[in-house]
Amino acid sequence: MPVPTITRRSTPPPELPPFKFAARLDKPVFGDWRDELVTKGYAVVKAVPREKALEYREECFKWLESFPLGFDRSDVSTWKNEHLPVHVKGGMFHGYGYCHEKHLWDLRCEQGIIDAFAKIWGTDQLITSFDGGSIMLPNRTDVADGGKWEHMDQSLHRRGFYCCQGLVNLNDCGPEDGGLMVLEGSSKLVEEFFDIHGRESYNSWGPFDWYGFTDEQQEWFFERGCKWVKVCAEPGDLILWDSRTMHYNVRPSGDRDRVCTYITMAPASLLNDEDRALRIKCFEERTGTTHVPFAAIYSRSHEPVTRDGQPCPYDTGLPKIQPFETQRLLQLVGSERY
Ligand SMILES: [Fe+2]
């Protein structure tokens with residue numbers, strides 16, 4: 001399984017323009033879940049009805065079973081790499097056009113998801129990331145431990161609020177079920193951390209808005225009371241986290257599968273012509289992106305989909321079921337203006 005190489009190098013701090021929404025979360029009290037987003041760095045929001053969320057989980061499994069690789073959800077002996085499309089970290093899927101599968105787009109168009117991001121940004125005129133999802137099967141013995149990858153999804157050069165990421169949880173997710181680990185309270189401290197320690201380091205597998213932390217760096221946060229927390233959630237819950245919050249994911253240690261998709265939305269007004277054109281190209285070519293939908297867009301088109309070092313013959317680069325290009329979808333892409 002190819003794992004992206006982490007690059008470490010020194011770079012001069014780039015000149016970043018002031019960000020219009022940098023103080024968006026600075027209000028002392030919101031009186032709703034945004035308060036937890038500010039104080040803890042994450043929040044869990046009811047976004048999709050439970051039964052509907054479980055139907056989306058079903059679609060995820062149907063997608064896995066649609067490849068002629070022998071995967072059968074009722075036969076544990078097939079829960080192995082050789083029977084599954086190529087993925088990373090025990091179940092994160094980004095290739096095969098998965099980021100544009102119809103059911104992922106249906107989720108992005110769910111009103112409850114849009115409403116939550118609208119509350120964060122103060123507008124419902126939004127665009128979305130074209131990210132993938134995780135389908136992590138329990139009790140797998142064929143997956144090497146890829147490490148924890150404690151990171152934040154925001155450049156160390158930015159100041160203030162920049163992005164809020166989300167994942168839609170599609171199965172019951174308790175302490176043993178794998179999922180998102182967050183370093184509670186870290187979002188409020190990262191700027192101070194880099195003010196003290198400098199911004200000379202560059203520590204990313206590619207995207208500008210990514211920074212990997214070492215064990216030693218984490219000690220500074222522990223000394224200030226930050227603690228690692230496993231976020232638990234129900235089907236249909238949207239887990240939101242400030243992109244400054246340090247996090248990583250864990251595979252299931254119990255008997256339940258972990259299924260989720262990654263969705264980040266931000267105001268369409270932040271798009272310039274160049275970013276808009278890149279997003280439209282990504283959509284038309286059915287390639288994915290990382291989480292930031294509006295700038296420094298990181299197209300996943302380069303990402304190799306390989307099996308044993310060879311191109312996977314089942315990767316057409318296209319979704320198995322194409323999305324319906326509704327007005328809402330095209331607005332979320334950015335090809336249709338609000
Ligand atoms: Fe992340």
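Visitor: Which residue stands opposite Asp242 in β12?

Guide: Cys164 stands opposite Asp242 in β12. Before going further, please note that this is a predicted model, in which local features need pLDDT of at least 70 and side-chain atom pairs count only at pLDDT 80 or more, whereas totals for chains, interfaces and linings use all residues. Residues are numbered from 1 along each chain as its sequence is written.

Visitor: How are strands and their pairing to be read, and what is the order of the strands in the open sheet?

Guide: Strands of a sheet pair through backbone hydrogen bonds, either parallel or antiparallel. Strands (E, at least two residues) and helices (H or I, at least four) are DSSP runs numbered from the N terminus, and two strands pair if DSSP finds at least two bridges between them. Here, six strands form an open sheet in the order β2-β12-β7-β14-β5-β3, with antiparallel pairing. β2 (42-46) and β3 (92-93) stand at the edges with a single partner strand each, so one side of each is left without a neighbour in the sheet.

Visitor: How many bridges join β2 to β12, and which residue is the bridge partner of Tyr42?

Guide: Five bridges join the antiparallel strands β2 and β12, and Trp241 in β12 is the partner of Tyr42.

Visitor: How is burial judged, and how many residues of β12 are buried?

Guide: A residue is buried if 20 or more other C-beta atoms, placed from the backbone, lie within 10 Å of its own; it is exposed if 12 or fewer do, and partly exposed in between. Six of the six residues of β12 are buried, so this strand is largely enclosed by the rest of the structure. One side of β12 carries Asp237, Ile239 and Trp241, the other Leu238, Leu240 and Asp242. β7 also has six of its six residues buried. In β5, both faces are covered, with Gly133 and Ile135 on one side and Ser134 and Met136 on the other.

Visitor: Why does Thr261 count as buried, and which residues does it touch?

Guide: Thr261 has 25 C-beta neighbours inside 10 Å and therefore counts as buried. Contact is assigned when the C-beta atoms of two residues, placed from the backbone, lie within 7 Å. Residues up to four places away in sequence not being counted, Thr261 touches Leu104, Leu107, Gly133, Leu167 and Val168.

Visitor: Which residues of α2 are buried, and against which elements do they pack?

Guide: Ala53, Tyr56, Cys60, Trp63 and Leu64 are buried in α2. Seen down the helix axis, these buried residues fall within an arc of 105° (taken from the directions from the axis to the C-beta atoms), so they line one face of α2. They pack against α3 (102-108), β5 (133-136) and β14 (258-262).

Visitor: Which helix lies across β2, β7 and β12?

Guide: Helix α4 (residues 111-121) lies across β2, β7 (164-169) and β12 (237-242), running at about 25° to β12. Axes are lines fitted to C-alpha atoms, for helices over the stretch in contact, and angles between N-to-C directions run from 0 to 180 degrees.

Visitor: Which residues have the most contacts inside the largest nonpolar core?

Guide: In soluble globular proteins, nonpolar side chains tend to be buried together. A nonpolar core is a set of buried Ala, Val, Leu, Ile, Met, Phe, Trp, Tyr and Cys residues joined through C-beta atoms within 7 Å. In this model the largest has 72 residues, and those with the most contacts inside it are Tyr42, Ile113, Ile127, Val168, Leu238, Ile239 and Leu240. Its largest share, five residues, comes from α2. Leaving aside residues up to four places away in sequence, Ile127 touches residues including Met265, Leu271, Phe294 and Leu332.
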